[in-house]
Amino acid sequence: ESYFLLGDAYFQTGNTKKAIDYFEKELTIRRKLNLVYTEGFSNGLFNLTAIYRDEGDYTLAKKNDDAR
């Protein structure tokens, strides 16, 4: 959850590159632990998808939207 909180903090301050890095780290760990059907995974995936969408990267947004 710490990576999620760091990602969110960077997102809130406008540093989307660092936010993406931390959200991706969070999701990677949750996938390795088979925790993909959790609220934390869904929240991280939602935020990552939202960042890609806001930046106009619809391909990555769609990829993350289908990521489970």
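Biologist: What should I know before we start?

Modeller: The model is predicted, so local features need pLDDT of at least 70, side-chain atom pairs count only at pLDDT 80 or more, and totals for chains, interfaces and linings use all residues. Residues are numbered from 1 along each chain as its sequence is written, and side-chain values use heavy atoms, with hydrogens and water left out.

Biologist: What makes a stretch a helix here?

Modeller: Helices are DSSP runs of H or I with at least four residues, and strands are runs of E with at least two; both are numbered from the N terminus. Helix α1 covers residues 2-12 and helix α3 covers residues 39-54. Helix α2 covers 16-32.

Biologist: Why are α1 and α3 called roughly parallel?

Modeller: Look at the angle between them. It is about 25°, and the axes are 11 Å apart. Axes are lines fitted to C-alpha atoms, for helices over the stretch in contact, and angles run from 0 to 180 degrees between N-to-C directions. Angles under 35 degrees count as roughly parallel, over 145 as roughly antiparallel, 65 to 115 as roughly perpendicular and the rest as oblique. Therefore α1 and α3 are roughly parallel.

Biologist: Which residues make that contact?

Modeller: From α1 come Phe4, Asp8 and Phe11; from α3 come Asn43, Gly44, Asn47 and Ile51. Contact means heavy atoms within 4.5 Å. By class there are three nonpolar, three polar and one charged. Ala, Val, Leu, Ile, Met, Phe, Trp, Tyr, Cys and Pro count as nonpolar, Asp, Glu, Lys and Arg as charged, and the others, Gly among them, as polar.

Biologist: What makes α1 roughly antiparallel to α2?

Modeller: These two pack at about 160°, with axes 7 Å apart. That angle falls in the antiparallel range, so α1 is roughly antiparallel to α2. The α1 side of the contact includes Tyr3, Leu6 and Tyr10, and the α2 side includes Ala19, Tyr22 and Ile29. The classes are nine nonpolar, three polar and four charged.

Biologist: How do α2 and α3 pack?

Modeller: Their angle is about 150°, with axes 9 Å apart. Among the residues that meet are Phe23, Leu27 and Arg30 in α2, and Phe41, Gly44 and Leu45 in α3. This contact has nine nonpolar, four polar and three charged residues.

Biologist: What is the hand of the α2 and α3 crossing?

Modeller: α2 passes α3 in a left-handed crossing. A crossing is left-handed if the near helix is turned anticlockwise from the far one by less than a right angle, and right-handed if clockwise. The crossing of α1 and α3 is left-handed. The crossing of α1 and α2 is left-handed.

Biologist: How do you know that Leu27 is buried?

Modeller: Buried means under 20% relative accessible area, exposed over 50%, and partly exposed in between, with a 1.4 Å probe and protein chains only. Leu27 has 1%, so Leu27 is buried. Leu27 sits in helix α2. Beyond four places in sequence, Leu27 touches Phe41, Gly44, Leu45 and Leu48. Leu27 and Gly44 are 17 residues apart in sequence, yet 6.7 Å apart in space, C-alpha to C-alpha.

Biologist: What about Gly44: buried or exposed?

Modeller: Gly44 has 0% relative accessibility, so Gly44 counts as buried. Gly44 lies in helix α3. Not counting residues up to four places away, Gly44 touches Phe4, Phe23 and Leu27.

Biologist: Why is Arg30 called buried?

Modeller: Arg30 has 14% relative accessibility, so Arg30 counts as buried. Arg30 lies in helix α2. Its contacts beyond four places in sequence include Glu1, Leu35 and Phe41.

Biologist: What makes a set of residues a nonpolar core?

Modeller: The members are buried Ala, Val, Leu, Ile, Met, Phe, Trp, Tyr and Cys residues, joined through side-chain atoms within 4.5 Å. The largest one here has twelve residues, including Phe4, Leu27, Leu45 and Ala61. α3 gives the most, with five residues.

Biologist: Why is Asn34 called exposed?

Modeller: Asn34 has 62% relative accessibility, so Asn34 counts as exposed.
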